[in-house]
Amino acid sequence: MQDRLYIDGEWVRPEKGGTLDVIDPATEEVIHKAPAGTSGDIDKAVKAARYAFDSGPWPHFTGTERAAYLRAIATKVAEKQEFLAKLEVADNGKPLPEALWDIDDVVGCFTYYAGLAEELDHNPEETIPLSEPRFSSRVVREPLGVVGAITPWNYPLLMVAWKVAPALAAGCTMVLKPSELTPLTALELGVIAEEVGLPAGVLNIVTGTGPQAGEPLTEHPLVDKLAFTGSVSTGRKVMMAGAQDIKNVSLELGGKSPFIIFADSDIEKAVEWIMFGIFWNQGQVCSATSRVLVEASIYDAVVSRLCEEAAKIKIGNGMDEGTLLGPIVSKGQYDKIVSAIERARIDGATVAFGGSRPAGLDNGYFIEPTVFTGMSEDCYVWKEEIFGPVVCVKPFKDEDEAIRMANDSRFGLAAAVMSKDVMRAERVAEALRAGIVWVNCSQPTFPEAPWGGYKQSGIGRELGRWGISNYLETKQITRFNSDEPWGWYIKG
């Protein structure tokens, strides 16, 4: 495991020599001392990225040349899949099968954007028809510049890939600041970048806290774009910092996603997707479908089956075989979830299942899968993102009420609807105010499809061709083609 920062193609000690305790959430033990970068380290990294963009070869490479590096990174990640997955388990807590799946997705993300980098060579410009025949105009897309990326702890390496892969494919250079809670695999990406010969300064990795490293990155005048995934409160700060220099900003923020289940749905399938939508990754998923709306005639049956199946989930260390629910990522996040559960009880919500520390797990940040019923629409646990294995279930009487309740949120990242009536499901999907809507499922994510939200869930889109567009500028080049003088001031 790395104990240095990756800046300008070299491994360097933090300027102030600080370290971060990396804690295994299953045992509460310190497993590593990661480097703690500060403003001086950020300044060096940004200047390295600036030089690599302004004077280096990277933005001038063809898309095919950049694609070769991205594919080489994907190959190295695949070769190290088990090692990287175990690092994810160690500092995030997620079950190993989930971590292995995450690393598969990292490989897929770099491979996908390698393909889009190659496509840039085939579509370098667009000719624009003009109303004035003496002029011609073409539009070209160019790499945006130096990117400051700040990534979260819930999918440590995958969220890094979502930003690094399209930015590098576009020809940008980057300074990456991963979450201080889960820095291990981000630093290993620096090792891989070095192994594949990525030009110096193209990717710089500075681990550190938000105040000490994140804020200096967002405020640095040589950064052209900020790409952030995390909480709404921190997203506001990123946006305000970007406003000082009018930086390009993309934000992927929180969610409180609804899941509408109509009475014609298969209850067993509904319960399976409810569980996948909220208990996967310990519920630490921005798109988690944590508000479940069930048509009244099957409400009791769904709640009953949900509680029965939640009781069967094996909780434990992510490295233990059969574990389906690991620990919460940190003591701070654990305390927030426990506080939200207690607040819901005070507000009058009913704990239909869970809500406590699992028996026999006295160490580690473990919480039972928790099912709430009987809460009002004003209840904190119904309205606010908990970011844990906590689901709220409410009945609805008809389609109009379901849509109203689903859209009554300041968030709009994702939503889901389940019905055997495909036309109704599609109609409801179109009525939901969310950037991602799943029909008869919850949470499937593909690198080809756009990812992002409405309202306070963010600005812009990641993944797909929209993801690479985040890191490209659009330029028009218009030419006057006539031999005749323009003649506005100087008359012939």
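**View 1. Lysine 394 places its charged end over the ring of tryptophan 382.** The distance to the ring centre is 5.9 Å. A charge sits over a ring if NZ of Lys or CZ of Arg is within 6 Å of the ring centre and within 35 degrees of the ring normal. The model is predicted: local features need pLDDT of at least 70, side-chain atom pairs count only at pLDDT 80 or more, and totals for chains, interfaces and linings use all residues. Residues are numbered from 1 along each chain as its sequence is written, and side-chain values use heavy atoms, with hydrogens and water left out.

**View 2. Tyrosine 471 has the charged end of lysine 225 over its ring.** Here the charged end lies 5.4 Å from the ring centre.

**View 3. Tryptophan 101 and tryptophan 280 form an edge-to-face pair.** Rings of Phe, Tyr and Trp (its six-membered ring) pair if their centres lie within 6.5 Å; planes under 30 degrees apart count as stacked, over 60 as edge-to-face and the rest as tilted. By this rule there are 16 aromatic pairs. In this one the centres are 5.2 Å apart and the planes stand at 80°. Ring pairs also link Trp101, Trp273, Phe276 and Trp280 into a cluster.

**View 4. Phenylalanine 135 and phenylalanine 480 make a tilted pair.** Their centres are 5.0 Å apart, with 45° between the planes. Both residues are partly exposed: phenylalanine 135 has a relative accessible area of 25%, and phenylalanine 480 has 33%. Buried means under 20% relative accessible area, exposed over 50%, partly exposed in between (1.4 Å probe, protein chains only).
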